[in-house]
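Student: I have a structure open and would like to learn how to read it. Could you walk me through some of its features?

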Amino acid sequence: MTESELAADHSRKTGVWRLIHTERAALASDLAGLTDEQWQTPSLCTELTVREVLAHLTAAASLNSVRWLAGVLRCRFDFDRQVAMRLAEQLGATPAETLARFQRVVPSTTKPPLPVIAMLGETIVHAEDIRRPLGIGRNYPIDVVTLVADYYRSSDMVVVAKGRIGGLKLVGKDGPFTTGSGPLVSGTTLALIMAMTGRATYCDDLEGDGVELLRGRCGTR
């Protein structure tokens with residue numbers, strides 16, 4: 001890269017980190033008043049409560065490349081085992097401690113060996129894994145969800161998204177996002193993101209001839 005290209009790349013990453021910090025802070029605020037019972041609500045992630053998903057987000061914001069690799073080796077390349085191990089490290093003894101640990105990493109720029117945009121995607125998707133079952137809504141800025149949708153449409157990193165939407169045309173009704181060709185799937189950009197990343201319940205918010213095909217491809221990963 002040239003010096004100007006490096007500067008532009010740094011500026012883009014800095015801008016994405018600001019978005020991540022904003023979304024983390026919004027989630028922490030939304031969860032501040034939960035009861036102990038609400039913390040035990042099943043999330044959209046299979047077998048995880050909303051409290052456990054929050055601990056997973058804390059772990060991701062606390063894990064640099066060196067610690068990530070050390071964990072991979074310790075878990076003998078069982079990535080699901082590493083995720084569970086890191087989640088347990090950040091859960092804390094009580095829901096209040098779980099939330100406090102997340103609040104401390106709101107401004108963090110620590111990350112595993114993933115693109116910064118992937119961290120924004122993880123933040124928004126897992127925030128919705130928490131918010132939807134709790135009946136909490138968030139009006140995401142359209143430019144933010146469009147940025148995430150553009151990332152997922154061409155990536156199968158961490159979560160299968162590109163492969164899930166193959167042969168479908170996705171159209172955001174609330175913004176400029178569109179991708180692919182084939183049977184139509186349309187709806188809010190957020191609902192498209194969540195369906196792209198395997199959250200079948202969001203297919204209820206979509207319409208078009210391709211919705212049931214996409215629903216059939218959905219899982220939790």
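Student: Which helix holds Arg 131?

Tutor: Arg 131 sits in helix H7. Bear in mind as we go that this is a predicted model.

Student: Is Arg 131 buried or exposed?

Tutor: The idea is to look at relative accessibility, where under 20% means buried. Arg 131 has 0% relative accessibility, so it counts as buried.

Student: And what is Arg 131 in contact with, apart from its neighbours within four places in sequence?

Tutor: Its partners there are Ala 26, Leu 27, Asp 30, Ile 136, Arg 138 and Tyr 140.

Student: Which residues of H7 and H9 meet?

Tutor: From H7 you have Ile 124, Val 125, Glu 128 and Asp 129, and they meet Leu 190, Ile 193 and Met 194 of H9. By type, this contact has 5 nonpolar residues, no polar ones and 2 charged ones.

Student: How many residues of H9 are buried?

Tutor: In H9 (residues 189–196), 8 of the 8 residues are buried, so the helix is largely enclosed by the rest of the structure. Among them are Thr 189, Ala 191 and Met 196.

Student: What covers the buried residues of H9?

Tutor: The cover includes helices H7 (116–134), H8 (142–152) and H10 (211–217), together with strands E1 (169–172) and E3 (184–187). While you are there, look at Gly 198, which follows H9 and has a positive phi, near 95°.

Student: How do H3 and H6 pack?

Tutor: Use the angle and distance again. H3 (residues 50–60) and H6 (residues 95–104) pack at about 30°, with axes 9 Å apart. Angles under 35 degrees count as roughly parallel, and H3 and H6 are therefore roughly parallel to each other. H3 passes H6 in a left-handed crossing.

Student: Which residues make that contact between H3 and H6?

Tutor: H3 brings Arg 51, Leu 54, Ala 55, Leu 57 and Thr 58, while H6 brings Pro 95, Thr 98, Leu 99, Arg 101 and Phe 102. They divide into 6 nonpolar, 2 polar and 2 charged residues.

Student: Last one: what is the average pLDDT of the chain?

Tutor: The average is 88, and 85% of the residues score at least 70. Over residues 3–7, though, the pLDDT is below 50, and this stretch has 1 contact in the model beyond near neighbours in sequence.

How values were computed. Residues numbered from 1 in each chain as written. Predicted model: local features only at pLDDT ≥ 70, side-chain atom pairs only at ≥ 80, totals over all residues. Heavy atoms only, no water. pLDDT = per-residue confidence, 0-100. Contact = heavy atoms within 4.5 Å. Axes fitted to C-alpha atoms, helices over the stretch in contact; angles between N-to-C directions. Helix = DSSP H or I, 4+ residues; strand = E, 2+ residues; numbered from the N terminus. Parallel < 35°, antiparallel > 145°, perpendicular 65-115°, else oblique. Left-handed = near helix turned anticlockwise from the far one by under 90°. Nonpolar A, V, L, I, M, F, W, Y, C, P; charged D, E, K, R; others polar. Buried < 20%, exposed > 50% of the residue type's maximum accessible area, 1.4 Å probe, protein only.
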